[in-house]
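Here are a few notes to go with the model you are about to open.

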Amino acid sequence: MKSKPKVLILTAKYGNGHVQVAKTLENQCNKLGFQKVIVCNLYSESFPVFSEITQFLYLKSFSFGKQFYRLFYYGVDKIYNKRMMNLYFKMGHKRLHEIVTSEQPDMIINTFPMIVVPEYRKKTGTVIPTFNVLTDFCLHRIWVHEDIDKYYVATSHVKEKLVQLGIHPSTVKVTGIPIRSQFEEEIMSSEIYTKYNLDPNKKTLLIMAGAHGVLKNVKELCQSFIFKSEDTQIVVICGNNTILKESLDPLATSFPEQFKVLGYVERIDELYRIASCMITKPGGITLTEATALGVPVILYKPVPGQEKENAHFFEDNHAALIVNQVADITDEVHKLLDDEKRLEQMKKNIRGLHVPRSAELIIEDIIKEASYIRDKQSMAGSVNY
């Protein structure tokens with residue numbers, strides 16, 4: 001392996017998590033002085049119109065498309081080895097070949113299940129060490145392929161699932177999910193209360209609407225908390241959903257001591273640090289961030305698929321509470337906030353799921369594995385010669 005390798009990181013924008021993990025790994029590679037880091041949204045570059053449509057449908061799956069997404073997510077397992085999956089296996093082949101030919105990367109990292117990469121190896125015989133970094137606390141069959149050299153997973157639970165599918169335990173490493181380095185920093189909470197004009201003597205309920213503001217019933221939730229929680233301050237993060245933020249602004253104006261509404265927040269870790277608990281969607285990245293800072297989570301209306309699987313994993317580990325009805329959530333949150341012992345136990349349980357320095361662990365191991373694969377290839381070439 002070269003002292004300054006080139007890496008190709010492949011991702012896709014179905015949700016924010018895959019891209020965010022790619023960015024975190026890119027930063028770590030740059031920190032280690034890689035010669036070049038190429039981050040590619042392969043499907044968008046290969047099929048821009050198709051990609052836009054499917055990304056839109058993915059976002060809609062959190063509302064009216066839930067049953068369709070359920071069929072897709074759980075149905076792919078049943079048809080994985082059938083001919084109808086061949087199209088997906090080939091998607092992006094031409095663009096991948098162009099990048100491989102022009103850039104000649106020393107390794108490929110997938111933060112989205114790009115089956116075209118191992119299929120490319122099978123078809124062309126070009127062996128580029130290839131690694132999958134899984135971005136959820138559950139396993140979907142579509143991540144699995146015989147020509148993936150190593151898998152990096154969130155928990156031993158996911159590792160067990162891979163082993164059950166025939167993956168050798170030595171090719172699976174439990175590293176956690178990479179999140180931004182700011183979640184590993186030490187910060188004085190008093191500065192955060194001042195920055196956001198919050199009261200350190202009140203409990204803080206953080207409501208995360210998601211990067212695209214896809215959490216449902218947000219306005220209804222906020223109103224119920226404002227009218228029933230005078231001793232709790234509520235902070236809502238709307239992400240890039242300006243319509244949602246504008247709809248909540250009048251509430252913030254009417255109840256300035258109780259309610260804050262924010263758009264996209266770069267240093268979201270600051271608000272995690274002072275949150276007594278958080279209402280959120282069970283995305284892999286958000287949950288990993290919560291594990292890093294020990295924030296008890298209430299998972300509201302998880303949709304079928306990876307989010308529901310993530311939610312059940314956290315609930316089974318007594319690190320989260322699932323609430324499916326808007327009528328129940330106010331009471332459930334109050335019960336939790338009023339129970340200091342339970343809150344502390346949930347904080348301890350969720351912290352217990354955290355693997356620190358995930359990006360460092362992954363890239364260090366990938367460098368070692370890629371070097372081993374290249375050496376093995378060289379030796380095989382010498383013997384054949």
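How many aromatic pairs does the structure hold?

1. The structure holds 5 aromatic pairs; rings of Phe, Tyr and Trp (its six-membered ring) pair if their centres lie within 6.5 Å, and planes under 30 degrees apart count as stacked, over 60 as edge-to-face and the rest as tilted. Phe137 and Phe313 make a stacked pair, because their ring centres are 5.9 Å apart and their planes lie at 20°. This pair links distant parts of the chain, 176 residues apart: Phe137 is in the loop between β4 (130–133) and β5 (150–153), and Phe313 is in helix α14 (residues 306–316). Helices (H or I, at least four residues) and strands (E, at least two) are DSSP runs, numbered from the N terminus.

2. Phe313 also pairs with Phe314, edge-to-face this time, since the centres are 5.8 Å apart and the planes at 75°. Phe137, Phe313 and Phe314 form one aromatic cluster.

3. Phe137 is buried at 3% relative accessibility, and Phe313 is buried at 10%. Buried means under 20% relative accessible area, exposed over 50%, partly exposed in between (1.4 Å probe, protein chains only).

4. Glu289, in helix α13 (residues 284–293), counts as buried because its relative accessibility is 3%. Leaving aside neighbours within four places in sequence, Glu289 is in contact (heavy atoms within 4.5 Å) with Gln20, Ile179, Arg180, Phe183 and Tyr272.

5. A word on the basis: this is a predicted model, where local features need pLDDT of at least 70, side-chain atom pairs count only at pLDDT 80 or more, and totals for chains, interfaces and linings use all residues. Residues are numbered from 1 along each chain as its sequence is written, and side-chain values use heavy atoms, leaving out hydrogens and water.
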